[in-house]
Amino acid sequence: MKTTIRGTVLLLIAVSTIASADERASKFLKQHCIRCHGSQKQKADRRFDTLSSQIKSLNDLERYQEIVDLLNLGEMPPEDEPQPTAEERARVIAHLTQKLVTARAELSDSGGHSVLRRLNSWEYRQTIGDLLGLNVDVWNPTEDFPEEVKVHGFDNNGAGLVTSGRLMNHYLDAAEEAIRRATQFGARPILRKYTQQTPFYFNGKESKDLPKLFQEDRFRFIPETPYTDLYGRHYRGGHIGFLPLFQQGGVAHSGTYTIRVRAAAVGRIHDYGKALGDFRNGDPLVMEIAAVDRRGSVTSTGNVSKMISLARIELTNEQPQWFEWKVYMEAGYEPEVRFRNGPLAAKRMVRVLTTQAADKPEFKPFVAMKPGYEKAHGVLKAYQGPRLRIWEINVAGPHIDAWPPAGHRALYGNLTPEELNTKTIAQRLESFAEKAFRRVPLKGELAPIQHLVAGKLKEGVEPLQALQLGCQAVLCSPGFLYLNMGEGELSEVALASRLSYFLWSSPPDEPLLRLAAAGKLRPNLSAQVKRMLLDPKSDRFVGHFVRRWLDLDNIGTMPPSADFLEYYRDNLETAMRAETETFFKHVLDQNLPLREFLGADYSFLNRELALHYGIEGVQGNKLQRVSLKGSRRGGLIGQGAFLTASANGVDTSPVVRGIYVLEKILGYTPPPPPPDVPVIEPDIRGASTVREQLVKHREIATCAECHRKIDPLGFALENFDAIGGWRDRYDGKLKVDPSGKLPGGKIFSTNAEFRELMIGQDKTFIRCLTKKLLTYAVGRKLNSSDRPSIDGIGKEMARPEKGLRDLIQAVVASESFLQN
């Protein structure tokens with residue numbers, strides 16, 4: 001009896017204590033939150049006066065969680081409002097946090113996630129490539145697919161990955177072409193060697209029946225010299241075709257080829273000044289090897305219908321040297337040598353040199369001559385500027401490792417067309433479907449496909465064609481196109497797929513599948529993550545995650561204005577993307593602390609990007625580690641890709657950049673502006689600067705709270721123009737003012753001071769990156785059920801020795817990753 005009474009009393013005390021804490025929390029919210037987030041006013045589109053003291057719904061849970069987050073960050077109440085004491089703040093945070101833990105367990109919605117998720121275009125492309133051994137860097141099976149819907153920047157969110165009739169048609173076409181490319185019943189290709197020595201262009205009788213590509217008068221070849229000079233830019237005359245392969249319609253077989261070129265850079269130092277346009281005196285000459293497809297173009301001209309860049313190299317040697325590459329070429333393509341940074345097209349060069357450089361003695365005899373072959377030939381023969389000089393080109397290949405290739409064996413095993421019959425076709429379909437589905441087919445799952453194939457055989461269709469139709473159907477079935485994660489705890493097989501699509505964007509390999517089949521993958525997860533990150537396929541994760549996290553595709557969709565001449569001349573877009581991806585990979589490979597993203601005093605630059613950053617002394621076109629000490633750069637926020645992706649290609653906006661920093665670095669997405677608030681209000685028309693305009697903008701109550709967070713971040717980066725170049729003034733006139741005050745009251749006057757303050761935001765950044773990685777890994781929007789996983793990872797990553805690899809390990813080990 002006493003025990004019962006004691007229990008009742010303790011229960012009453014507990015209930016009374018909870019009620020008292022609820023009352024204090026309610027009073028705290030009324031005093032510090034409701035005035036700005038109540039019935040009369042909803043700053044940042046948030047309303048808290050309707051919250052019950054009991055968390056009864058997921059909506060309540062998410063609103064209470066936001067309150068706790070803002071209290072923890074010190075962003076609520078705003079600095080210009082009455083502040084609670086530190087003790088009051090801590091007490092309310094502790095109480096609300098406990099309520100959230102209890103409510104989360106009661107309202108857990110972990111079973112509400114989508115069981116199926118379609119492969120996005122990137123994953124489909126890599127999956128087809130790995131399954132059938134195809135080079136999908138050269139042939140992109142998804143080239144014509146509809147653009148994927150992006151949810152908060154990510155294109156692998158199951159909710160956005162719908163399947164339309166149009167997409168199904170593309171799947172059918174891609175599957176048919178993939179099977180055609182993988183099928184190789186012929187004899188093993190013979191390695192052949194081709195050589196062409198100068199001359200590469202011919203005249204007189206030698207040029208008879210040759211296309212204009214190989215005729216002297218098009219390229220102004222100088223017959224007296226034992227080599228060929230290239231003058232102009234690629235696409236406009238500065239390229240050499242390869243006659244032996246042109247005559248046979250390109251290489252006969254797809255595969256790896258060795259290309260060797262004997263070449264030299266001549267005339268890099270010249271005194272033609274600006275007559276050569278943007279070609280800088282003394283620059284190395286860039287020789288490019290391209291694979292070109294002339295099929296579908298005008299045969300008599302040798303024009304190109306498709307071109308793929310295979311390799312580039314900078315030349316500074318005036319004496320001939322051999323250069324060699326191993327490259328992949330598609331059947332029907334042929335190699336071509338191009339002068340990538342040639343100063344001018346040949347025809348234009350003749351005109352320019354006889355006008356802007358007419359005072360040069362070598363050109364004076366040609367100034368008064370009428371345009372024509374004789375004038376052009378004479379000018380180019382006298383020209384002493386930059387030329388790419390070619391002596392010889394060799395091609396050897398294809399180099400074959402195994403025959404038939406792996407993709408062919410996946411389809412047909414060791415069978416010949418003559419050995420195909422009803423029984424062997426059924427066996428091959430079972431085997432291929434197991435590889436394609438990334439699991440053993442379910443009972444009856446292949447019945448419709450087997451029925452289709454059987455019907456075709458009865459109609460008299462050849463067995464090989466019937467099997468190919470069956471394989472095509474496999475590649476268009478849900479088992480291939482969708483990842484089936486099931487419900488609740490992932491099965492070992494589902495876990496193998498989730499892990500491989502996270503780190504490789506493609507199916508699990510044999511080691512993963514063996515462990516899953518034996519039920520031993522979970523105990524070996526850490527070792528498998530280490531192994532997979534060492535595999536070259538992890539470069540897909542690096543490239544695609546960085547693109548999606550930082551919206552780097554914005555650079556291509558909003559290309560910079562042509563006014564930024566150096567952006568196009570120096571191929572800065574490619575260098576900028578490569579810098580950020582290389583930096584991410586470096587932090588990953590070295591398992592460096594995540595603060596490195598905010599405060600690294602180095603980056604990976606080539607000569608052109610270094611000059612764009614105002615850094616002298618970097619040589620060569622290849623990226624290399626460069627110290628940023630003493631420069632205006634540091635961390636992600638100083639990188640060109642980050643700054644260009646957050647602009648519109650023409651100019652900058654502090655609001656756009658501020659939101660970008662909030663979302664990508666600090667993990668906060670502000671709500672959209674209220675529909676009744678125009679972008680520029682009438683009462684700010686008199687403001688003379690962007691800063692003054694936004695000060696006026698913040699006078700509107702519904703805008704003030706968000707812009708208090710957004711604007712300082714954007715202004716801090718205003719010293720960087722639309723392509724990340726440094727500026728002290730706008731168009732050389734109005735001085736840039738990067739000063740501001742962060743929420744919490746910290747003030748900065750310069751971009752350098754802002755960078756230091758951002759380094760102090762490392763805990764917020766780690767949480768942001770955790771959420772980005774987890775979103776990418778599980779392929780869905782995170783919700784309240786993921787909060788324990790995020791909190792747990794945050795605690796683990798708080799240790800200073802923890803790095804990016806550790807973060808990935810923690811993501812994989814989290815409940816959110818292991819459950820669906």
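Biologist: By class, how many nonpolar, polar and charged residues are in the lining of the second largest pocket?

Modeller: This is a predicted model, and its second largest pocket has a volume of about 1,400 Å³. The lining comprises 46 residues, with Leu 134, Asn 135, Arg 181, Tyr 328 and Glu 330 nearest the centre. Divided by class, the lining has 20 nonpolar, 13 polar and 13 charged residues.

Biologist: Which element gives the largest share of the lining of the second largest pocket?

Modeller: The elements that give two or more residues to this lining are α4 (121–132), α5 (165–182), β5 (255–266), β7 (306–315) and α10 (406–412). The largest share is seven residues, and they come from α5.

Biologist: Does Thr 652 count as buried or exposed, and why?

Modeller: Thr 652 lies in the loop between α24 (640–645) and α25 (654–664). Its relative accessibility is 15%, and the cut-off for a buried residue is under 20%. Thr 652 therefore counts as buried.

Biologist: With which side chain does the side chain of Thr 652 make a polar contact of 2.7 Å?

Modeller: Residues touched by Thr 652 include Phe 720, Asp 721 and Ala 722. A polar contact of 2.9 Å joins its side chain to that of Glu 718. The partner at 2.7 Å is the side chain of Arg 727.

Methods. Residues numbered from 1 in each chain as written. Predicted model: local features only at pLDDT ≥ 70, side-chain atom pairs only at ≥ 80, totals over all residues. Heavy atoms only, no water. 1 Å grid on protein atoms, 1.4 Å probe; cavity = no way out; pocket = protein on both sides within 12 Å on 5 of 7 lines; lining within 4 Å. Points joined across faces, edges and corners; volume = space filled by probe spheres on them. Helix = DSSP H or I, 4+ residues; strand = E, 2+ residues; numbered from the N terminus. Nonpolar A, V, L, I, M, F, W, Y, C, P; charged D, E, K, R; others polar. Buried < 20%, exposed > 50% of the residue type's maximum accessible area, 1.4 Å probe, protein only. Polar contact = N/O pair within 3.5 Å; in protein donor to acceptor, adjacent residues only side chain to side chain. Contact = heavy atoms within 4.5 Å. Lists of a residue's contacts leave out its neighbours within four places in sequence.
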